[in-house]
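Trainee: I would like to learn how to read a protein model. Please take me through it step by step.

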Amino acid sequence: STSTSTTTAKGKDDGSSYPAVDEYGLLEGDVSEEEQADWIFLGRYRTMANRGGGFLYSYLLVNAVPLVEGGGTEAYTSTGDVEAQKLLLLSKQEVQEAVDSAQFKEIKWAATMGFSLPHLERRNL
């Protein structure tokens, strides 16, 4: 028989209201028009231009909410990445100071944070 179980961001058939995800953990389905307003496209940028390394598609998601229990908090426990990581929550002012003093050491993060700040400012967020 064929299984009809649904995989969500929290796991299989957990009865939660978390959205369905595919086998790679990516959200399934379309984003509603209402939700699309929360996604701000910050640009498409070439990475490693001389070696054809691909592109960075950078977005700012306003009104973001955690998809998994404890997400975005110190209580979150990763289940897939074995690399140790420390959650760092920054205020908008702290992000601005970090951008100004070149504290983001990966270009994808420096660009995304730097491009996000004017959008947040215009929206008074």
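**Reading the model**

Mentor: Start with burial. This is a predicted model, and buried residues make up 16% of the 125 residues in the protein.

Trainee: How many helices and strands does the protein have?

Mentor: The protein has three helices and four strands. Read from the N terminus, their order is β-β-α-β-β-α-α.

Trainee: Where is Ser116, and is Ser116 buried or exposed?

Mentor: Ser116 lies in helix H3, which spans residues 107–122. Buried means under 20% relative accessible area. Ser116 has 6% relative accessibility, so Ser116 counts as buried.

Trainee: Which residues is Ser116 in contact with, leaving aside neighbours within four places in sequence?

Mentor: With those neighbours set aside, Ser116 is in contact with Leu42 and Leu60. For the protein as a whole, take the contacts between residues at least 6 apart in sequence: 30% of them join residues at least 24 apart.

Trainee: What does the surface consist of?

Mentor: The protein exposes about 10,100 Å², and carbon and sulfur atoms supply 52% of that area. One nonpolar patch on the surface is formed by Val31, Trp39, Phe41, Phe55, Tyr57, Tyr59 and Leu61, with about 680 Å² of accessible area together. Strand S3 (39–46) and strand S4 (55–61) are the elements that each give two or more residues to the patch.

Trainee: Which element gives the largest share of the nonpolar patch?

Mentor: S4 does, with four residues.

Methods:
Residues numbered from 1 in each chain as written. Predicted model: local features only at pLDDT ≥ 70, side-chain atom pairs only at ≥ 80, totals over all residues. Heavy atoms only, no water. Buried < 20%, exposed > 50% of the residue type's maximum accessible area, 1.4 Å probe, protein only. Contact = heavy atoms within 4.5 Å. Areas by Shrake-Rupley, 256 points an atom, 1.4 Å probe, with all protein chains shown as cover. Patch = residues over 30% accessible without salt bridge, like charges linked within 9 Å, V, L, I, M, F, W, Y side chains within 5 Å. Salt bridge = Lys/Arg side-chain N within 4 Å of Asp/Glu carboxyl O.
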